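User: Could you walk me through this structure? I am new to this, so please take it slowly.

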Amino acid sequence: MLSFVSGKCGAYDKLALLLKEKPRGSQTLRSSLVNNMHVPCSKLSPCGRLFPRIFFVVLALLLGSIAVPVARGAGERPPTIPLDQIKPGMTGVAYTIFAGDKIEPFDIEVIGVLPNLLGPKQSIILVQLHGEKAEHTGVVAGMSGSPVYIDGKLAGALSLKFGVFVKEPLGGVTPIENILSIPSDENPANPKALSVRSTVADNSWTTGSTGLASSLASSISGQKPRYPVPANYAQLAGASGDAYLEPIASPLVFSGFAPATLRQFAGDWAPYGMVATAGGTAAPEADDSKIVAGDMVSMVLVQGDISMSAACTVTAIVEDRVYACGHPLFGLGASDMPLARGRTLTTLSSDFNSTKIVNAGGVIGTLTEDRATAVMGRVGPAPQMIPVDLTVVTPAGEQEFHSEMISNPKLTPLLMGIIAFNGLTQNSAYGEGSTMKLSGNIEIDGHSPVSLSDMYAPTDQFVPDGTFVASSVQTIFTRIFSNPYEMPKIDKVNLRVESLPDRRVASILNAWSDVSEAQPGDPVVIKVLLRPYRGTPVIRDIPVTIPMQTTRGSILRVQVSDADSLNRIPNLVAAQGRLGGLDQLISLLNRERRNNQIYVTLLKPTPTLLVEDKELPDAPLSQINVLDQKRLPGNSALLRESTAGEWSVPMDEIIAGSTSVFITIK
């Protein structure tokens, strides 16, 4: 434990051996050692003179007779050093975990300060890492947030690394004043109300705009942001002239997920600076909430039969607030995500991207802020998550999966797609070439549930068949969360996916009527010619009735179609925000036609008004003229035909295509 102070003094190594006998559960001793991290041994000269005093102090601690005089109470604000006091050549110590729960130090040397690198008043301290482990692994994924101390005071958090294929131990440190200025309940509107301030001139170095422009360009292209390093600083660090900094990746640990799932969705997380890794979960322990600077924390996205979490290092703890990462996780702003203890298994060294393997332990609180300079959570109760029950039915039987996911407009749709895809592909009876039948519902607090029912056939595209089910579910969640009316509160999700053999698709080739003329009230049979996939064409008879109110002498258009042809116009209205609220969106979703049915629609040559989620057929010309003069309101649309009747026939296959038949009304 005392190796935290320095790994260069032999006397310290002897003292570390003594402390190995002290159990880690002694939070007072551990907190005092970590919270009062000192300058490197090179600044404590001679080391031999310090050893007797430290030895007797620690011995007294072990005997429980005295307390460390300089120890602060749990959660007290650490002493900090402002940015304007940090100069090139200064040395310090950073702390992180490479394996297990052992927080280890490594030395750092300040190369320089890069003002406005991330944006206005968002400077970065460029440092070089020293020490056997740091030089071997370089800056590793999961190291972001590692606290950096200079002159015994907290200077910031390690947050940036040099680009891919650069294993040089070089990194960027987010200044502590930018981290502690994250808005909180105590200081929601004045993020500058911090005693530590920097007086570095904004115009002392003119690369901020270049770095910001580069970051924006990278974000637009779907890459992690890149911040160019000036050639003179790069040369001092021994890097090339075109060197750049990028956020240290966070390990995104998947447990219970099939390799196909990791491959399928790895690209969705890459722009957030995530490294997808297989891992597991750790059983909750009594000391999970007793975290200190340098420990690991995990932000839980999914838990249950499967789990997904992102990990960072703790920078500081102030009262019940936990600051970590030194950069954004997803950039969500205000958040509501379970915060768990992270347990490091080991650190894998790689020339491409070294990473920590971290398991999520017991939940200790809630991540409340995901900001540009750090994430912040609170130790205490965990937030409510969305229960997801997924049943997969195959010829081999049923398999049930139970999990929970966070509620967030940006992440929940993606997580739902991943859960659905994984539930299908990891089933032992899953095989490509099967048709998937989806059913279920989404329960929304204060609203009617959203019903799900569709079929998905395999294609010749080189993508897993489960992709289409996952994409459909993800799209529905996106429509619910992206509505402009209110923030939905999802209570529960129930999904059932049945795997059916063969590619069950049929195309509409043609349609005709047994008569070309009819009177109001007459029954008419519509014959539909279908061609199943690699099958013999078949004819289906669909009986319809001419409505009594149909105008004599008019011509009806009989549209024989699939579901997509009928859903297109209502969905366009919804996409343009023309509905009146979430209830109407849910009503529209529930009225969507299903793709395993043939639809026959009788259409009259009279206009229809679409107002919000309602269809008003046979709109009078006088009303249309009034609306035309006043212009149609934003929540309405005008169609040239009106529906006189609609019939459907359920099929055991997906229907595709559309055609029309015309009948004259006598």
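This is a predicted model: local features need pLDDT of at least 70, side-chain atom pairs count only at pLDDT 80 or more; totals for chains, interfaces and linings use all residues.

User: Is V113 buried or exposed?

Analyst: V113 counts as buried, because its relative accessibility is 14% and buried means under 20%.

User: And which residues is V113 in contact with, leaving aside its neighbours within four places in sequence?

Analyst: Once those neighbours are set aside, V113 is in contact with L83, I86, S123, I124 and Y233. Taking L83 from that list, V113 and L83 are 30 residues apart in sequence, while their C-alpha atoms are 8.4 Å apart in space.

User: OK, zooming out, how many helices and strands does the protein chain have?

Analyst: The secondary structure of the protein chain comes to 13 helices and 33 strands. Of the 666 residues in the chain, buried ones make up 53%. The chain exposes about 28400 Å², and carbon and sulfur atoms supply 53% of that area.

User: What about contacts between residues at least 6 apart in sequence?

Analyst: Among those contacts, 70% join residues that are at least 24 apart in sequence.

User: New topic: how many disulfides does a search of the whole structure find?

Analyst: The search finds 1 disulfide, and it is formed by C312 and C325, whose sulfur atoms are 2.1 Å apart. This pair links distant parts of the chain, with C312 in strand β12 (residues 307–318) and C325 in the loop between β13 (321–324) and β14 (333–348), the two being 13 residues apart.

User: Why is the disulfide of C312 and C325 right-handed?

Analyst: The torsion about the S-S bond of C312 and C325 is about 100°, so the disulfide is right-handed.

User: Are those two cysteines buried or exposed?

Analyst: C312 counts as buried because its relative accessibility is 0%, and C325 counts as buried because its relative accessibility is 0% as well.

User: Let's look at helices. How far does α9 reach from its first C-alpha to its last?

Analyst: Helix α9, residues 411–425, has 15 residues and reaches 21 Å between those two atoms, which is close to the 21 Å expected at 1.5 Å a residue. The helix is also mostly covered, since 15 of its 15 residues are buried.

User: And which residues of α10 are buried?

Analyst: The buried residues of α10 are G466, T467, V469, A470, S472, V473, I476, F477, I480 and F481. As for its length, the 16 residues of α10 (residues 466–481) should span 22 Å at 1.5 Å a residue, and the end C-alpha atoms are 23 Å apart, which agrees.

User: Which strands are joined to β33 by bridges?

Analyst: Strand β23 (residues 517–518) is joined to β33 by 2 bridges, and those two strands run parallel; there, E517 stands opposite T664. Strand β26 (residues 555–561) is joined to β33 by 7 bridges and runs antiparallel to it, with L556 standing opposite I663.

User: What is the order of the open sheet of 4 strands?

Analyst: The order of that sheet is β25-β24-β22-β32, and its pairing is mixed. The edge strands are β25 (538–545) and β32 (654–656), each of which pairs on one side only. Neighbouring strands in the sheet are turned by 40° against each other on average, if direction is ignored. Within this sheet, 8 bridges join β24 (residues 523–532) to β25, and these two strands run antiparallel; L530, for instance, has V538 in β25 as its bridge partner.

User: Last one: what is the phi of K121, and what about D502?

Analyst: Phi of K121 is near 60°, a positive value in a residue other than glycine, and K121 is found in the loop between β2 and β3 (122–130). Phi of D502 is near 75°, again a positive value in a residue other than glycine, and D502 lies in the loop between β21 and β22 (505–513). K121 counts as exposed because its relative accessibility is 51%, and D502 counts as exposed because its relative accessibility is 55%.

Note on methods
Residues are numbered from 1 along each chain as its sequence is written. Side-chain values use heavy atoms; hydrogens and water are left out. A disulfide is a pair of cysteine sulfur atoms within 2.5 Å. Buried means under 20% relative accessible area, exposed over 50%, partly exposed in between (1.4 Å probe, protein chains only). Contact means heavy atoms within 4.5 Å. The expected span of a helix is 1.5 Å times one less than its number of residues. Two strands pair if DSSP finds at least two bridges between them. Axes are lines fitted to C-alpha atoms, for helices over the stretch in contact, and angles run from 0 to 180 degrees between N-to-C directions. Accessible areas come from the Shrake-Rupley method with a 1.4 Å probe; for residues, only the protein chains shown count as cover.
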